[in-house]
Amino acid sequence: MTTHELSNPTMTDLNAVFQRFLTTPLDDLLGEQGLRPEEKLLALFKRCAAEVPAYRQFLAERGVSPEQVVDYAEFSRLPLMSKQDYMRAYPLAQRCFGGSLAGADRVAVSSGSTGQPTFWPRSAADELDVALRFEQVFKDSFAADRRTTLAVVCFALGNWVGGLFTTSCCWHLARKGYPLMVATPGNNKAEIFRVVRELAPQFEQTVLLGYPPFIKDVIDAGSAEGIVWSDFNPKLVFAGEVFSEEWRALVGERIGAERAAFDSASLYGTADGGVLGNETPLSIAIRRWLAGHPDEARAWFGESRLPTLVQYDPASRFFEVEADTLVVSGENSVPLVRYHIADKGGVIPYRQIWERLRTAGIESVTDLGLPSDFKPRELPFVFVFGRADFTVSYYGANIYPENVTVGLEQPELTGWLTGKFVLQVRENVAGDSELQVAVEVLPDVDPEHVDAGRVAESIKVQLLRLNSEFAHYTPAERQTPMVTLHRFADPEYFPAGVKHRYTRK
């Protein structure tokens with residue numbers, strides 16, 4: 001029995017599923033699926049049509065007869081679910097198997113872009129698919145099956161999905177036999193530092209898990225308080241934001257990391273679907289190569305910004321692409337059948353990504369800087385951009401936060417700046433548009449001691465290098481942004497304890 005065969009499971013069922021997870025090696029779990037992903041999709045669809053009252057009604061209202069969906073071609077024409085017309089249109093229990101919350105034993109909350117919370121029930125069995133993504137990272141990237149490891153959960157705790165989901169999945173790995181201790185200080189820096197000082201010396205490596213800007217804050221503030229991160233062989237797990245490879249290199253340098261593809265990994269996840277994919281050493285190595293070849297990156301992805309690039313298991317979460325946005329299907333207490341998550345991105349099969357690499361002259365993993373004995377997992381790739389509504393338009397050019405980020409992460413600036421900023425376009429007194437960037441300095445830096453002109457020039461150079469629209473649409477005399485420098489945690493632009501937004505309209 002696999003986790004995909006459960007609905008309203010009995011305690012005996014749960015015990016069997018957990019036992020399989022705990023006793024089966026990762027390689028076998030990733031390869032155990034048997035049926036082709038398309039066949040699993042059809043099986044999930046039939047179960048949902050039979051057992052999920054809201055989905056039956058959703059299909060009926062759109063004139064879809066479940067009996068007519070007999071192959072993947074028919075499945076791919078099913079109407080898309082969305083948060084608005086499905087998740088908010090039907091009662092929560094009706095969206096669960098059996099029309100009841102009885103099969104779920106925990107709940108996560110997402111606030112979404114509107115700030116109105118959405119509840120996502122799930123069962124302990126649902127977490128095992130997500131635990132596999134953590135296991136891939138901890139085993140394949142960090143060798144945590146062989147090294148004693150302290151995992152420090154730096155996501156906010158409570159109902160919000162990141163903290164407890166991460167904690168639970170790490171506990172599953174410890175129960176499986178990984179020499180792993182899980183500490184849960186949440187997003188309290190003082191508690192994080194106390195955990196690190198007291199416990200990290202007793203482990204071979206320490207893993208910090210959290211949102212990228214917060215993890216960087218932790219590293220910088222910890223260094224200011226005398227923590228020598230390199231003493232603890234630190235590794236990093238991120239989720240929630242796209243970041244540049246320059247940022248990864250910067251953070252890696254500050255913790256003394258020496259193997260970029262093996263010292264950090266980002267998870268692509270959502271509250272509704274769990275962790276959908278994860279960075280691997282191969283995906284990181286490819287992304288690092290693309291960061292150094294922006295023309296290739298534009299040819300691959302069609303944009304000047306570099307997306308998150310992860311691998312995924314199509315037997316766990318299946319991706320499709322509709323109008324350059326991602327659609328996902330997968331089993332949960334609230335199952336997803338062609339759910340439109342509205343992230344801009346796409347899918348690249350494993351074989352196709354190597355065809356692209358070989359066309360560019362990359363023949364093997366060693367050409368990407370990976371060890372010759374590294375054996376990549378032959379899983380497909382999904383790439384994900386930040387939401388389009390985080391851009392600003394300037395002289396007809398779409399300016400992405402990711403482009404500005406690279407400008408702030410140049411080596412000559414990182415000793416003064418945190419990397420946080422707010423990007424906006426405003427009219428000056430003459431009625432002309434100005435590209436304005438409010439930039440945060442490090443805690444011990446006085447903004448008056450930083451050369452704003454130097455920061456502006458670095459941003460302009462990277463915008464011209466990375467963003468062809470900016471280079472071609474913006475008049476030369478308007479290409480240098482107006483930079484203002486602000487103290488750390490400035491309440492107007494960088495308030496503490498609030499998820500940061502990089503643009504203002």
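**Entry 1: aspartate 220**

I began with a side chain. The side chain of aspartate 220 makes a polar contact with the side chain of lysine 216, at 2.8 Å. I note that this is a predicted model.

I then asked which helix holds aspartate 220. Aspartate 220 sits in helix H10, which covers residues 212-224.

Is aspartate 220 buried or exposed? I found a relative accessible area of 13%. The cut-off for buried is under 20%, so aspartate 220 counts as buried.

Next I looked for its contacts, leaving aside neighbours within four places in sequence. Aspartate 220 is in contact with Arg254 and Leu442.

**Entry 2: a sheet**

I turned to an open sheet of three strands. I read its order as E16-E17-E18, and its pairing is mixed. Which strands lie at the edges? They are strand E16 (417-427) and strand E18 (482-486), and each pairs on one side only. I looked up the twist as well: from one strand to the next, it averages 25°.

**Entry 3: E16 and E17**

How many bridges join E16 to strand E17? I found eight, and the two strands run antiparallel. Strand E17 spans residues 433-441.

Note on methods:
Residues are numbered from 1 along each chain as its sequence is written. This is a predicted model: local features need pLDDT of at least 70, side-chain atom pairs count only at pLDDT 80 or more; totals for chains, interfaces and linings use all residues. Side-chain values use heavy atoms; hydrogens and water are left out. Two strands pair if DSSP finds at least two bridges between them. Helices (H or I, at least four residues) and strands (E, at least two) are DSSP runs, numbered from the N terminus. Axes are lines fitted to C-alpha atoms, for helices over the stretch in contact, and angles run from 0 to 180 degrees between N-to-C directions. Buried means under 20% relative accessible area, exposed over 50%, partly exposed in between (1.4 Å probe, protein chains only). A polar contact is a pair of N or O atoms within 3.5 Å; within protein, one must be able to donate a hydrogen and the other to accept it, and residues adjacent in sequence count only if both atoms are side-chain atoms. Contact means heavy atoms within 4.5 Å.
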